Amino acid sequence: MFNECCIGGISQYMKEDLNKIIINVQKLFDTGDIHRKLEKIRSEYNRIFTPNIDSFTSMGHTFSRESILAFENAIKRNTKDQIEGFRQYINRLMYEKQISQAMLSQRSLIKESTLSRYINGSRDVPTIMIFRIALAMRLNLIETETLLRKVGKRFREAYKDTIVMEALEQEIFDVMKVEAILRKMTNGKESLFTEKEQKEFNFNEDDFEIEIH
């Protein structure tokens, strides 16, 4: 599945993009803006999936046809989000984005047999796998937050989560490039891959070297 690391041979332009993520992530933590960023994601998630009854009742008991339809649509979105599990949601995303399971496996570097078990619910999905799936599917922040919530998780105030958020926003979807950034910022202590995978892929730390300019 994995032949060689894609970091060593990347262009100077791409290195600048990766450095930009590193600088942005560090700035978010240094300034405390990471907390506000997470709150913004959660507020947007709630705006989309949680109907705000107060906004529909603030004008008393008089409802226009448009306000009633808006309320009904909000209820439907919330109900769908509550009922739709991880399997249904990821399958819907794959259909909407026209990504096959084989393609998702190839992009995320998750073995297709393992990916199948995640999707059919026979195996719990670790956060690192959610992140690799999100990158491989080129999801936005809200889609990724939703995917996390389907397995009882959400974005956290951590380097790993923030690096993935910045990568998704900057449209750096290559799992190995994001892995290189994570290793750089955590001195190799954190990874998007399990220890077993790292041994199977025979990762070399030199392959992940990124210089900050």
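1. In this predicted model, the side chain of S108 places a polar atom 2.7 Å from the backbone oxygen of L104. Such a polar contact is a pair of N or O atoms within 3.5 Å; within protein, one must be able to donate a hydrogen and the other to accept it, and residues adjacent in sequence count only if both atoms are side-chain atoms. S108 belongs to helix 6. Helices (H or I, at least four residues) and strands (E, at least two) are DSSP runs, numbered from the N terminus.

2. S108 has a relative accessible area of 0% and is therefore buried. Buried means under 20% relative accessible area, exposed over 50%, and partly exposed in between, with a 1.4 Å probe and protein chains only. Setting aside residues up to four places away in sequence, S108 touches R132, I133, A136 and V175, where contact means heavy atoms within 4.5 Å.

3. Residues are numbered from 1 along each chain as its sequence is written, and side-chain values use heavy atoms, with hydrogens and water left out. As the model is predicted, local features need pLDDT of at least 70 and side-chain atom pairs count only at pLDDT 80 or more, whereas totals for chains, interfaces and linings use all residues.

4. Helix 6 (residues 101–108) and helix 8 (residues 127–137) have axes that come within 8 Å and cross at roughly 110°. Axes are lines fitted to C-alpha atoms, for helices over the stretch in contact, and angles run from 0 to 180 degrees between N-to-C directions. The two helices, helix 6 and helix 8, are therefore roughly perpendicular to each other; angles under 35 degrees count as roughly parallel, over 145 as roughly antiparallel, 65 to 115 as roughly perpendicular and the rest as oblique.

5. The crossing of helix 6 with helix 8 is right-handed. A crossing is left-handed if the near helix is turned anticlockwise from the far one by less than a right angle, and right-handed if clockwise. Helix 6 contributes L104, R107 and S108 to the contact, and helix 8 contributes R132, I133, A136 and M137. By class, the residues of this contact are 4 nonpolar, 1 polar and 2 charged. Ala, Val, Leu, Ile, Met, Phe, Trp, Tyr, Cys and Pro count as nonpolar, Asp, Glu, Lys and Arg as charged, and the others, Gly among them, as polar.

6. R132 counts as buried because its relative accessibility is 0%. A polar atom of the R132 side chain lies 2.6 Å from the backbone oxygen of L109. Beyond its neighbours within four places in sequence, R132 is in contact with S108, L109, I110, V175, L192, F193 and E197.

7. Helix 8 is mostly covered, with 10 of its 11 residues buried. Among the buried residues of helix 8 are I128, F131, R132 and L135. Just after helix 8, R138 adopts a positive phi of about 55°; R138 is a residue other than glycine and lies in the loop between helix 8 and helix 9 (141–149).

8. N187 also has a positive phi, of about 55°, although it is not a glycine. The loop between helix 11 (175–185) and helix 12 (195–201) holds N187. With a relative accessible area of 68%, N187 is exposed.

9. Helix 2 and helix 10 (residues 159–169) pack at an angle of about 65°, their axes 12 Å apart, and their crossing is left-handed. I34, K37, L38 and I41 of helix 2 meet T162, M165, E166 and E169 of helix 10. The residues of this contact divide into 4 nonpolar, 1 polar and 3 charged.

10. N46 also lies in helix 2 (residues 33–49). N46 counts as partly exposed because its relative accessibility is 36%. The C-alpha atoms of N46 and I142 are 10.0 Å apart, although these residues are separated by 96 residues along the chain.

11. On the overall fold, the protein comprises 12 helices and 0 strands. Of its 213 residues, 42% are buried. Among contacts between residues at least 6 apart in sequence, 71% join residues at least 24 apart.
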